[in-house]
Amino acid sequence: MSHIDKAELSSSSAQTKLMPRGYKKNLSETDIRTKFITPAITLAGWDIQTQIREEVAITNGKILVRGKKHKRGKPKFADYILYHKPNIPIAVVEAKDNNHALGDGMQQALNYSEMHGDLPFVFSSNGDGFLFHDRTVTEGQIETELTLNEFPSPDELWQRYCDHKGLKEEPAQVLVAQDYYSDGSGKAPRYYQVNAINRTIEAIARGQDRILLVMATGTGKTYTAFQIIWRLWKSRTKKRILFLADRNILVDQTKSNDFKPFGSAMTKIQKRQADKSYEIYLSLYQAVTGTEEAQNIYKQFSPDFFDLIVIDECHRGSAAEASAWHEILDYFSAATHIGMTATPKETKDVSNIHYFGEPVYSYTLKQGIEDGFLAPYKVVRMELDKDLFGYRPEKGKKDKYGQEVEDRVYNQKEFDKTLILGQRTQLVARQITRFLKGTNRFDKTIIFCENIDHAERMRQALVNENADLVSQNTKYIMRITGDEQEGKAELDNFIDPQSKYPVIACTSKLMTTGVDAQTCKLIVLDQSIKSMTEFKQIVGRGTRINEAYGKFYFTIIDFKKATELFADPDFDGEPVQIYTPGPGEDPVPPEDFDEEHLGHSLDGDEVNEDPGDWDDAEEDGAGKRIKYVINDVPVHVIAERVQYLDANGKLITESLKDYTRNSVTKTYSSLDQFLKSWTSAGKKKLILEELENQGVLWEALYEEVGRELDPFDLICHVAYGQPPLTRKERAEKVRKRNYFAKYEDNARLVLDALLEKYADQGIENLEENSILKVPPLNEFGTPMEIVRLFGGKSGYEAAIQELEMALYT
């Protein structure tokens, strides 16, 4: 890289001094960056091609769901990220135009620094110089003002970075600077993946040998694992690596997709063969262990053969001291162990943190939804009478098979296990079908049942409810469980976005994890779930986004109160809406709301689920299991409540009006303050959006207070106790004032039509130019012709503002 010498820098500074007074004040932020900030950084020695990136997209923008519609929120961009090497960021710079103070961008820059894994060096600039915030300083002066020619060099910041991270030895610095894998396409890891990869590499460079990474389902754990392994392998820090998983599909997907660049250096351990000529090994836990000593083929490798073991989904057993899988980790104890999971398990028997230590990095479901990398979701809670109140058979009641049913109260936890109510299954199938008919009958759907028997009965009930589509293709509905080859054979087709069938999958445990169902839009819970780990895994089946196939959010229909786990403090990604329909009501949330655990055989082939997991009815004296089947007991949906979530996704426990009042007064402490802001706003839409971001639930308010009210009146009434006017009453007051008299005929008719539109639809549409394209406005001509009636664009906009003033006077 060529360096500009001090003479050139002095010349540049001299030219800056010769600029006319006020010159910088007239420049845009882009001009300030181009003319002052970028030159100052490059003059310090930073390579514009490899070390400086501008307008770096950090997030995708949260997906906001309103009824059946959605939109993207604004993504976050950093003005500059500075790198030691590609994907190894060390500093962030936030720019402002020269009408701002030097440090006005600092708080924003500090936020971006934290998102990027606590980057230690943070700068803010308005083109006059830099404010430097040094996060490595713990005592003394943390922030320092620098002139444009005092920006630190890359070598200086890299050495300080290494010192701060405890990477004082050269081998450690070489390791953390090891290149990422690049396929030449320009694909770059997301910011949180970079954080996870770099934190792991730095921990290993410091000598840490037990590492835990927590990343939500759908955030690319396998890709992250690949980049970690690639850098350790290429640097020869780790020469032989074992990647362990507990699902065939996980191993095969990993080998053929993310790990493909390892090529001929990689193998999958199967058929109990231990070939020691490779460097990258992929295996099922079950393929290298067994109940007999001879089956423990991992012992064919010497204890020091592997120097790195990566344990995928480490919450599923490898952390349990009693687990057979733990034998592998004990045997290769000299190796570095990296555990990866979306759901670390912490119970009295199992502790990931006890084994691996605290996570070196965590990226949660809530963060993924907030950043727009994961799909948000709604919850429909279906409450059935027998589920809530239980069922007690009359004396002498016999089931379908003539067995006398024990006289006691059966509750929700026993349904589909000890006691089967045939009409309950039919009602659940009917409600699912009704939902799909109200949305899209070809949306991929997973139904989680109590057990295999329940999944089969659910399949039958759904077939009968959807006879029209099943007659066209019998694979419209499939039972996909561990005991049946035909269903399992369709799993890949269900996952494939391009495959139309199957559409509905009835399962119990098989699809709880390891199923990358990118286009799954509906998850149905008819299974009692008390494990937070399992609940998060099931929710994770729907969190992937696939924009090409229109998958931006998904819905959970809950029949067995599983979503009560949202109230658990360990849950970190609340839904955008919770809706509970009453009897006879549509299960599709209305527009006015904003909203198998499978083992494997020892050679890697799948085996049946444990019957003990799915047929847990009581045993009689002879050891035979008893399950009562009753088909003549009616079951009904009963009415309950609609629950709302605030701007942070937390359940609102106060009344909607009290919540709204508190949300509004946080921004506008008095009615006078609100009125001044409303009157001065160029577009009222901006005020409405600001209040929505503060947590105001507009559609829910309309539903509770009155749809005929203007949002202005809603706020004045609910937050400040003012008597409201309807939109029609406001429009009529404007007409009585003869407001239109000063306009000529056609212009007057246009304004009258706009006023009528306001009375019907509200202020938001009045401010959109697109309203001129719809009846009856389009009868006056094209939008351009209508605007000319007012003397041009400025005249039309002035007329609209006057109309708004008249409405709210």
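The model is predicted, so local features need pLDDT of at least 70 and side-chain atom pairs count only at pLDDT 80 or more, while totals for chains, interfaces and linings use all residues. Residues are numbered from 1 along each chain as its sequence is written, and side-chain values use heavy atoms, with hydrogens and water left out.

Let's start at Glu202, which sits in helix α6, residues 191-205. Helices here are DSSP runs of H or I with at least four residues, numbered from the N terminus. Leaving aside residues up to four places away in sequence, Glu202 touches Tyr161, Lys165, Leu167 and Val176, where contact means heavy atoms within 4.5 Å. With Tyr161, the side chain of Glu202 also makes a side-chain polar contact at 2.5 Å. A polar contact is a pair of N or O atoms within 3.5 Å; within protein, one must be able to donate a hydrogen and the other to accept it, and residues adjacent in sequence count only if both atoms are side-chain atoms.

Now for the charged pairs. Side chains of opposite charge can pair when their charged atoms come close.

Lys676 is exposed at 56%, whereas Asp672 is partly exposed at 44%.

Another pairs Arg730 with Asp713, whose closest N and O atoms are 2.6 Å apart. Because Arg730 lies in helix α26 (residues 727-736) and Asp713 in helix α25 (residues 711-720), this pair ties together parts that are 17 residues apart in sequence. Arg730 is buried at 9% relative accessible area, and Asp713 is buried at 3%.

Staying in helix α26, Arg735 and Glu732 are three residues apart, about one turn of the helix. Their salt bridge has its closest N and O atoms 3.9 Å apart. Arg735 is partly exposed at 26%, and Glu732 is partly exposed at 37%.

Elsewhere, salt bridges with shared partners link Asp387, Asp416, Lys417, Arg424, Glu450, Asp453, Arg457, Asp526, Lys560 and Lys627 into one network.

Technical notes
Helix = DSSP H or I, 4+ residues; strand = E, 2+ residues; numbered from the N terminus. Buried < 20%, exposed > 50% of the residue type's maximum accessible area, 1.4 Å probe, protein only. Salt bridge = Lys/Arg side-chain N within 4 Å of Asp/Glu carboxyl O.
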